[in-house]
Every structure is written in C-alpha cells, then in structure tokens.
Amino acid sequence: MSRIELDGLTKVYGSDVVAVDDIDLTVKDGEFVTLVGPSGCGKTTTLRCIAGFETVTDGRIAMDDREITAEPPYRRDVGMVFQSFALFPHMTVEENVAYGMRVADRDFSDTEVDDRVTEMLAMIELPGIEERMPSQLSGGQQQRVALARALALNPGALLLDEPLASLDEKLRKQMQAELSRIQKDLGVTTVFVTHNQEEAMTMSDRIVVLNDGEFEQVGSPDTVYHEPESIFVADFIGKANVFRGSVTGGEEGVVDVDTDTGVLKATADDRLDAGTDVGVVVRPEGISLERHETEDAIGDGGTRANVTAGEVNLVQMLGGTVEYRVYTDAGTELIVTTQAGEQRATPIERGDRVRVSFAAERARALSIESIVENRVVDVRPEIEAETGS
Amino acid sequence: MAGETETETPYTRDRSESSGRLRGWLNDRSESIVLGYPLAMLALFFAVPLFLLIATSFYPKPSGEYYQVGFTLEHYRRLFTVPLYFRRLGFTVALSMATAFGCLAIGYPVAYTLARMDSRLRRRVYITTIVSTMWLTYIIRSYAWTVILSKNGVLNEFLLTIGAIDTALSLTPGIWALAIGMTYVFLPFAILTLYSSINNIDPELEEASKNLGADRFQTFRNVTVPLSKNGIYSAWMLVFILALGAYIVPRLLGKPAQWTLPVIIGNQSLNNLNVPFGAALSIAMMVVVIVILVAGYELLGLGSEEMAGAGGGTDG
Amino acid sequence: MGDDRLPDGGTVRGSDRERERTRGGLLRALTGGTVDLPGSIARLYLGACLAFIVAPIAIIVAISVTPEQFLTFPPNGFSLRWFDEVLSNADWQLALLNSLVIAAGASVIAASIGLSLAFAIDRYDVRYTSFLRGIGVLPILIPPVIIGVAFMSYFFLIGISGTLLNLVVAHGVFYSPFSLVLISTGLDEMDRSVEEAAMNLGATQWQTLRTVTFPIIRSNVFSGVLFAFILSLNEYIIAFLVSGFTVTTVPIKIFSSLRYSYSPTIAAISVLYIVLTTAVVATVEYYTGGIWN
C-alpha cells in the first residue's frame, strides 16, 4: 500500500474559478481519510486530480516517492469507486471485475483471473454472481461489485467518490460498515469523498473539512467534532447551536461574550480581543434542560455558567437519544439532545417551560471573521437537511 | 498496476477547463482528423455544391448548352415577372399547409392512443409498421394509390359493384388523389413526432386532472394538448417542410396543373435542360424554407435537431 | 390501452396499472360497459388509421401474386410468376444491384461522417458546438430536389458525372444527419464515468474506446448505418438528377416503368422492397429497444 502526498495542489477552471486552492495533505499508508464539505467545495476535484482525470494547475501529487502529477489515469496505481458505480453495462460481473487484468500488459492466465474474481466476490460476500449483468443487480450489489473491481488489481490506494450517496438510508449504514471492514482487512490507503458529515465521522481515521477549495480543518473525527476550529466546521460537522455576539472580556482561555441571550462564558483557544465578533458554539448534548418549577436537570450541564429560559417546541425520539427544540425567551431556537435512558418521572413535553444551561467548557467562542456572514446563524434548516439524511 | 510497465506514449493533456467529462482524450493531431474529415466532406459535397448552385442561378443559358459561366439576372427576372412561378409557389405552400393540418388532425388521436397503450408488444408492432411504411419510397406508396384510385382501380370497382356509382370516377391524377397521397405519405412523420411528445407526458398528470373532477375531454383539452404543444408545432413544421419538398407525389398523383415547385425545378433542370433557371427556382425555394425554419425557430423555439431527429425527408 | 383505466379517472398510480385493469374491467361490467364508449371510439379510430396506412401496401402485395397480366383486385388465384420475372430480368437485376451497392456505400459514408462529427463535438472542447451540430443536421432540412440539382451541376462541373460513386457520395452526405443525431444521443446518454473507470483500471484511451465506449454506443452506430442504407435504397429524386440517365436504381426504374404500364412486375419489385424495408426497420427497433419510445 502507498502513501499519497499532495503538495500545493491547485486546480483552476477557466481563468478564475479556483476549485482547489493550494492544499497540502499527506495520506499515510493504510489510512482512511475523508474529504468532506458542501457541494462545490473542491473535494471531488481533489479526488479526480489524484485519479488523473483533471489536469493539475499547480502543485504536485506523489504516491510513495513517485511523482504522478502528469501521469495519465491508466498509469496510476489507484482504484476508484464512482458515485454512479460506473459498472460497464455491457459486461457481466465477472468481466467487470476482471477488466483491469484483461487490459493489463501483463498476461494473466485464465486461472489467475478466475481465481482473483472468485476471491474478490467472496470478499464482497456475493459469491456466484459472475454471470449476472449489472442491470440485474440491486444498488447495494452494484456498489460492492464496483468495489471489487476497483480492488481487483491490488491498487496502492482506493479512491471513493460519494459511493454511498445513491443508496437508501438503511443500505448506506450497512455499506458504511462493509466498506470499513474491507478497508481495515486489506489495510488499503483510502481517500473518501462525501458531503455527508455523518459518514465522515463514522468511517474515517482523519477528516479533512473543505470549504471553497481550502482546508477548514484537518483532524480525527473526535477533534473535529469537539474542537472545531471555525464556525463553518462546527456547523458542518454534527449539529451546533451558535450564539452570535462580541467579546467583552475574559481571561485564561475563557471569554465573556455579549449575545442576545445575555453574557455567555465560553472557552477560546486563540486570544480574542474585546470587541471581536464571535459565535459561541455549543453542541446539542452539551446543553442541559430542566423543568422550570422542578430542579431535576437532565443532561450534563457541568458547572452551569450560562443559563437562559425558554419553551419546548418539539420533542423527537431519535432511537437512543431524545432531541428537543427549545425556543428561548431571547428569540433563538436551540437544539438539545439527551440520552433516552435519562428519562425521569415527568418527562419534558412540548409546551413546557424549561431552564437551559451549559458549562463554559462545553462552549467554544470562534471568530466570525473567517466565515461568510449568512452562513453563521441562519444555517439551521441546512444543518437539519444535512444531518437528517 | 498494469499500466506501469507500458511503453511511454505521449499523452497530451487537454487545454480544456471543463470538468466531469473526459475531454482531451486524443491528442491534437487526431482532433484535426476526427473533426477535419466530416467537415471536409460536408464542405466538399454539401457547401460547395450549394454555393455553386447560387452561382449557377446567375449563369446565362445559351440554347443547346447547359449553361455558360457569366452573370445575368435573366432567370430571376423571369421568376419574378412570369406569374406562373409565383402561382406555383403559392399552390405549393397552400398544399403543404393543408397536408400538415390534415396529418395533425388524423395523426394526433393515433399518437395519443399509441402513447397510452398498455401493451408494450402491440405498441412496438404498430410503431414498427408505421415506421416501415414511412421509409418506403414515395414511388411505391404513390403507385399504391394510383392502383386504388385509377379508373379501373380498386375503389371504382368496389363502388360499381355495390351500385353506388354508374360510371367509373376519374380520380387520379387529380387534386383529391394528390391530397390523399400527400397526407398518406407524411402521416407517419406526424404520428411519430406527436407520439414522442405525448409519451413524455406523465400519465399521472392526466389522472390528477381527472381526480380533480375534470372529465376526459376537459383533461384532454386542458392538460394533454397544452403539454404536447411543442410536439404539435414540431409535427406541423416537419410535415410542412417535407411536403414543400415533395416531388414524387405531386408528379404521380397530381395533374400537370397541380405540379408543385420541386416538380418544376426538376423539369427545368432535366427536361428543359435549363439548369440555371432550375437553380434560380431552387434558391427561391430555399429562401422560403429558410424563412419558415427561422420563423419556426424564433417563434416557437424549435431546435432544428428536434425536427431532423423526428424524421427528415426521404425523397421528393 | 389507456382506456382500460378507471373510466371515471381514479387516483390509481401509474405503476398499479395491472391491478387497475382488472378493476376497470369489473367496473365496466358493473356499469354495463357504457362508460367506456370513448375507449371504443379511440380503438376504432386507431384501427381505421392503421388500415389507411397498411391497406395500400396490402393491395400491392395482393397484386404481386396475381396470375394475370392486368391488375385485378382481388386477385384470381396465386402466382409467383411476377417475382420470377423481376428476379430473372437483367434490367431489374442490375437496378437492384446498383441500389444495394449505392445504399451500402452511402451508409458507410453517412456513418463515418456522423460518427466522427459526433465524437468531435462530444470529445473536444470545440467552440461553436451548436454551430457544428447545426451544420451536421442541415443537409436533411433542405428539399432533396435542390440537393439533387446542386449535385447535378456540381458533378457536371468537375467532370465526373453519371457514375455509381456520384450517387454514393450524394446519398452519403444527405443522410449523414441521421447518424450524427443517433450517435450524439448515444454519447450524451452514456454515463461518462464508465470511461473513467476503464482508464482507472489501466485501459489506455484506445482500449477504452474499443472495449467500453464503442460497445455501449454500438446500437446507435448500427442504427445510423441501417437508416442511411434504407433511405438511400428508397431515394428517387437525388438519384435521378445525379444519375445523368446512365445509372439505374430500383426507384428510378419503377418510376420510368410507371409511365408505360402498371404491370404487376412493379408490384413484385415493390413487395421485395417492402420486405427489405420492414426487415431493416424491425432490426433497428430491436437493436435500439425502440428508438421511438
């Protein structure tokens, strides 16, 4: 397996449409790296540059120590699974999987080819479908065959271009697990492209969040989720509540932020001077709710530095968790999730008055400068669409 | 991977900016061949002959020769001053319009019934039949109508046998034979164009209309017809253009007084050996066709491909 | 037929048509069948129109097997003598051979023009794409008699006229738009990522074209060839004007024969043409899964 290095990779369409802007990334041998971001962020272009389908405007691409920037696609040692699967419609499954061996310069004997196809179909747990045509397969089966085809020649790296996007929810979950299993079994270096942050979270060793052709953050799923470096990342990865305001003071990594909801305390990595416009980001599970009259808090609020009141608008059971929408007295809607097990005698219901609180260490103040104005607070419906899928 | 051992071949990357499509595949030299060959063929055997036709229409025509290279406006003067040719043009346009309306009227219900037919097999058989007759030479199809409509033809025999008439009718050549023949040969083009258009209408839209209380006729008038409007325009236009160029049907089924402009062009060029005048008539006719095509394109937003895709002319 | 649907317009979804049909039948039985009157009219109308389309051709077939010298309908008996006469007549044989050779040559030229132009438009970042498409489909929009006169004087001018090759080129260029439109459609509808997949698996451009692209658009190319073939076979006016009275094709010979008589020989050769045309159209329909659908 191989290591992939992108060095100053830049792709400009036409004279001024910058799709990928000077990115550096090293994907380690055997690592599963996910490029995630909204459509048009440059993630697919990056992948297509690695595969050789796009001419690189500037920068270089190398696999191990071999530079492949100018190599044609057919001389790069990467296997790719396409969003549409791209199975050859006029060939059987066997012919699809064996295609790479058949067009290769090296002569593979018939037995070698047969054995390899059998082996690959066993790996994707679809033995015996050699003679079927792609049109006779279900979406999930097509996707597995596409994976088998891409891996049949033992490529140094595997590129996955939104391979799960066209599957329905249940199948997608199943294929996520399947893909992870196969990737770990083979230890193949993998670059995965998706717009679905949940997929990115569950499958990757490392996540690269892209926006407008540039990296917003690179890190493990845990880091990216819990320590987002920008409001964009906080928004895009998981659900987030954002309070806009400006810094009024603070010390030792904790700042006071004046917001519509009042003065909130939040942690800050960077030094934020008074007057800086920031967004205070709190994950839904970082907030606790308690009925106004009783004091039985649910969720872990920690030391409750930040408190406000509101009314529950919506309660949704989401399997293991319960999600509440709270309309605060200050006029913002908050998302709060709690573990379903934490039910108490009188459950909180729609219409209940609640007290909302969260600890300063659960809140992060992030500078707003880096982000386009309207992406900050008015993103709620978009986030729902993103996470709800 | 296999490709690594391959011998080095030059791979010129495209200068293209577009993504998603695999462009710049073949190198620049192959581009000049792949694009150059068809363009050369079309230039040499389409554009040049047409330009030459324009030139020919200005050549003098000495008696006893095809033409002489030179310049004269005589043919155009003749075209504009002899009323016969304008009358012929008028007749040709009127006949073509009538044919187009006739084909629409007969063809629409057929196309609709075909498009809403449940049995795929039956539909395939019907369509194959219609397409087959469409491509059959106009000569054979006109000949069939001659056989049916002639004095001792099938129709007269039948009518005489049942006693509907006492003496055989003289139908062909004649205006009715011509009208029937024109409608007959161009009907398949109308049916297929309308069929593709109606077939694209989601049947659920019609069901929704009925569900909202509209009866069959209201649904047809308010939903189906408006949604197939483009198909109606293209079918009309296609038949009209094809009928304008018709040569065989007027020649075989019409009296000499009903011969259309293409027949005159053919006669001038071949029988009278007056190629320059035939060319001038051709140019006049081309102008009419172009004006109609451009008007159709501008007014109705029809693409030329749409019409070529629907059929196109076989022969005159 | 569409009229088997719930007559009063139920809300049944299109995909449930099968079930709907049985219910429609039941409903019709319950209401005495009167509600489906428009359906019967539609069916009658379709039948009448199909009869209008097919009957003249059926009459030609009937005449071709009539034993007598003169056209009679219905025929008094059955005979294949006219077929024998046509096929053993040297003039008709030559005309048929000419027609087939011209059609074969024309279809190769038409397909080569259509294929290369379609690829050029599709593959290269050619500017003026729509202009090129327009040029490509233009020949079919011009009345054939004009093309015929243009070719006639062109060939006369360059001093090569009245050969088979003239007809081959004239038909080839005139019918190239069909190939262009069909192949362009095939390329447009093709999922591009299959080509990328092939190259990703190590296939060179040429291997990709040969093993993936061409097999996928094969039926379109094939249909284009057959279209040009069948159209050339049936074309009269261009052929007549370009032939310079020296090359005789079947349509030309039928036309000139019609001046003298309506002999059943013409019906016999027509039937051969009808069979040929129907066979080719049915093949195209089979290969493309119905291009009109």
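A: In this predicted model, Ile130(B), Val131(B), Thr133(B) and Met134(B) of helix H4(B) meet Pro188(B), Phe189(B), Ile191(B) and Leu192(B) of helix H7(B). Sorted by class, the residues of this contact are seven nonpolar and one polar, with no charged residue among them.

Now step back to the two helices themselves. H4 of chain B covers residues 120-135, and H7 of chain B covers residues 175-199. Their axes come within 8 Å and cross at roughly 135°. Because of that angle, H4(B) counts as oblique to H7(B). As for its hand, the crossing of H4(B) and H7(B) is left-handed.

With that picture in mind, you can turn to the other chains. Chain C is assigned a domain 1 (2-64) and a domain 2 (84-288). Here five residues of domain 1 of chain C are in contact with six residues of domain 2 of chain C. On the domain 1 side of chain C, the residues that touch domain 2 are four nonpolar and one polar, and no charged residue takes part.

Chain A is also divided into two parts, domain 1 (4-226) and domain 2 (242-377). The centres of these domains of chain A, taken over C-alpha atoms, are 38 Å apart. Along chain A you will find nine helices and 20 strands. Of the 389 residues in chain A, 45% count as buried. Finally, among contacts in chain A with a separation of 6 or more, 67% come from residues 24 or more positions apart.

Methods. Residues numbered from 1 in each chain as written. Chains lettered and ligands numbered in written order. Predicted model: local features only at pLDDT ≥ 70, side-chain atom pairs only at ≥ 80, totals over all residues. Domains from an automatic or database assignment. Helix = DSSP H or I, 4+ residues; strand = E, 2+ residues; numbered from the N terminus. Buried ≥ 20, exposed ≤ 12 C-beta atoms within 10 Å, placed from the backbone. Contact = placed C-beta atoms within 7 Å. Nonpolar A, V, L, I, M, F, W, Y, C, P; charged D, E, K, R; others polar. Axes fitted to C-alpha atoms, helices over the stretch in contact; angles between N-to-C directions. Parallel < 35°, antiparallel > 145°, perpendicular 65-115°, else oblique. Left-handed = near helix turned anticlockwise from the far one by under 90°.
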